Amino acid sequence: MRWPLVDVLLEVCVYRPTLDPLADSLALSALVAGLPIITLFLLLGVVRVRAWLAALGALSVALLVSIVVYAMPTGQALLTASQGATFALFPLVWTFGTAIWIYRMTVTSGHFDVLRRSFARVSDDRQVQALVIAFCFGSLLEGLAGQGTPVAITTVMLLALGFGPMKAATVALVANTVPAAFGPLGLPITTLARVTDLPAGDLGAMAGRQVPVIAVFIPLLLVGMVGGRRGLRGTWHVAVACGGSFALAQFLTSNYLSVALADIVAGLVSAVVVAVTARAWPPRRHEDQVTGGASDAPPQEGPAGPRPTAESGGPVGSVSQPDRGVALASRPSVAPNQPDAPVEVWRAYAPYLVIVAIFGLSQVPAIADALNAVTVTFDWPGLHLLTVAGTPSSLPVFRFNWLSSTGTLLVLAGLVTMAILRVTPRAALVAYGQTLASLRWAILTVCGLLALAFVMNGSGQTATLGTWMAGAGGLFALLSPVLGWLGVALTGSDTSSNSLFGALQVTAAQRAGLDPVLLAAANASGGVVGKMISLQNLTIAASAVGLSGREGDLFRRMFGWSVVLISAMALLVGLQATPVLSWMVP
């Protein structure tokens, strides 16, 4: 769809980026192109400003660099930023906002407390609960939905089980790493295949020989984060079983079954293995170990004083006290130590079962075609961009998949949840309004962040950085996953990172005499550990547990682990490019 009147009003101007606009030097241009990212990390991690200020500050620097250094017309730069901000609202805010709304309804109906008691009966060990919810169930959600849904849902589930807000957020962020390469439904890999013209099967198989190596260790890291050294000593066998089964299932599924099912199969298999292992070989407990691990905050204390329980409305800043005028048809209550009625337990699990069922049905070919049939695709009004090669850029294309989007499917799941939990329409509307109000700063942050990413991509700053890194020759095998890591840290999406750097990885591989499949897959594999420091994910996690404004604290906790994991991934890919591990390349 074109917008001729808008083009005339804005005096059509086509912009073509150059890689070395500063003194014809790629190195100097890359140094300047990296200023927005440096600004973002400094403001967030060193100066410790609020996330929305960091995002807007970095966006301002990116606009300045694009206009002054890259000679991008001001109108085109602002239009690019506006498209990025709109993309943040739809589908990202639409997705994670709706996910938190579903959670809010379970809180106001009292069923989240039923869920907490149910999990405690299965296992009252917090390390095991973290593995099942954040890692296994989170992988299932990533495989089905993605776009921040796993972080939004698993953080509040952990919070309801008694985890402190900061610990719930950090655990969910770390757990959302290794599934990212294959979710939702293999989209990062299929996107990578489309931009590189390489077989999706080969790329999925290669990523399935990189990511599972890291996946083995993530559960051990999670157990250590939750229970410390004592918790790790008592639960290491469950973590090893979890990581080993997940890695094996992810490898076998991605190599011999289907890339689209890799996370789903791995999440289900590892959940069963964790449950069986924890029952057959229970974690060793300590006298000073309370409910499986220490919280990161005193009991019932949150970032803004006393932390409400499920009955009082949820986490501070995310789910507030229900409106006194909100009427609910039922609110389950039980006496201490009295088991919940089976029907109430079923209702507590029902929202998540409904989410899985709806997303599973949405992938049936006939249903998927029907949902996508009403998708509207158009060029962003007034925005005309070319690539460095002079071909039309795909960046201005906006795909408004209003019916098949993750957020819309979650709305459908929310409507079913209303009926199951007997939440009145008025209560549901009030809950959605409260959700949007509590997310106002998170929404501003995500809009600023995506506007930043779009400006850097459209002006050529990202291409300059990638091309400069590709000049490392044979050593680029070590830098290849770092490029994917940087792409996900910036955009919050492995799919976006693959779209951004996939073709560049292949070109660099051909110039350096390396395997294109290896380096292209390394972009996806390296990107998974960038998820935990992506400001988009940090904002979602902080908002979900009532820590808005403390994204910088989360970033500092995550950054060290992210660097360690990307270093390990870089070493693995580097060895796969040599005879030492070249046998792992399909």
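Guide: The answer below goes through ring pairs, charged contacts, a surface patch and some loop residues.

The model is predicted, and local features need a pLDDT of at least 70, side-chain atom pairs count only at pLDDT 80 or more, and totals for chains, interfaces and linings use all residues. Residues are numbered from 1 along each chain as its sequence is written, and side-chain values use heavy atoms, with hydrogens and water left out.

Let us begin with the aromatic rings. Two rings of Phe, Tyr or Trp (for Trp, its six-membered ring) count as a pair if their centres lie within 6.5 Å; planes under 30 degrees apart are called stacked, those over 60 edge-to-face, and the rest tilted. A search of the whole structure finds 13 aromatic pairs. One of them joins Trp101 and Tyr432, whose ring centres are 5.1 Å apart and whose planes make an angle of 50 degrees, so the pair is tilted. Trp101 belongs to helix H5 (residues 74–109) and Tyr432 to helix H18 (residues 425–438), so this pair ties together parts that are 331 residues apart in sequence. Such element names follow DSSP runs, numbered from the N terminus: helices are H or I runs of at least four residues, and strands are E runs of at least two.

Trp101 is buried, with a relative accessible area of 4%. Tyr432 is also counted as buried, at 17% relative accessibility. The word buried stands for under 20% relative accessible area, exposed for over 50%, and partly exposed for values in between (1.4 Å probe, protein chains only). Elsewhere, ring pairs link Phe41, Phe555 and Phe559 into a cluster.

A ring may also meet a charge. The charged end of Arg126 sits over the ring of Phe163, at 5.4 Å from the ring centre. The criterion is that NZ of Lys or CZ of Arg is within 6 Å of the ring centre and within 35 degrees of the ring normal.

The structure holds three salt bridges, a salt bridge being a side-chain nitrogen of Lys or Arg within 4 Å of a carboxyl oxygen of Asp or Glu. Glu344 and Arg347 form one of them, with 3.2 Å from N to O. Both residues lie in helix H15 (residues 342–361), three residues apart, which is about one turn of the helix. Glu344 and Arg347 are both buried.

Asp553 takes part in two further contacts of this kind. With Arg550, the closest N and O atoms are 3.0 Å apart; with Arg556, the closest N and O atoms are 2.3 Å apart. Arg550 is partly exposed at 31% relative accessible area, Asp553 is partly exposed at 24%, and Arg556 is partly exposed at 26%.

Gln210 and Ser525 are joined by a polar contact of 2.6 Å between their side chains. A polar contact is a pair of N or O atoms within 3.5 Å; within protein, one must be able to donate a hydrogen and the other to accept it, and residues adjacent in sequence count only if both atoms are side-chain atoms. Gln210 is found in the loop between helix H11 (200–207) and helix H12 (211–215), and with 0% relative accessibility it counts as buried.

On the surface, Leu35, Ile38, Leu42, Val46 and Val47 form a nonpolar patch with about 430 Å² of accessible area together. Patches are made of residues with over 30% relative accessible area and no salt bridge, like charges being joined within 9 Å and nonpolar side chains (Val, Leu, Ile, Met, Phe, Trp, Tyr) within 5 Å. The areas come from the Shrake-Rupley method with a 1.4 Å probe, and for residues only the protein chains shown count as cover. Val47 lies in helix H3 (residues 35–47).

Finally, two loop residues deserve mention for their backbone angles. Arg48 lies in the loop between H3 and helix H4 (51–69); its phi is positive, about 65 degrees, although it is not a glycine. Arg48 is exposed, at 57% relative accessibility. Asp24, in the loop between helix H1 (4–9) and helix H2 (26–33), likewise has a positive phi, near 55 degrees. Asp24 is exposed, with a relative accessible area of 66%.
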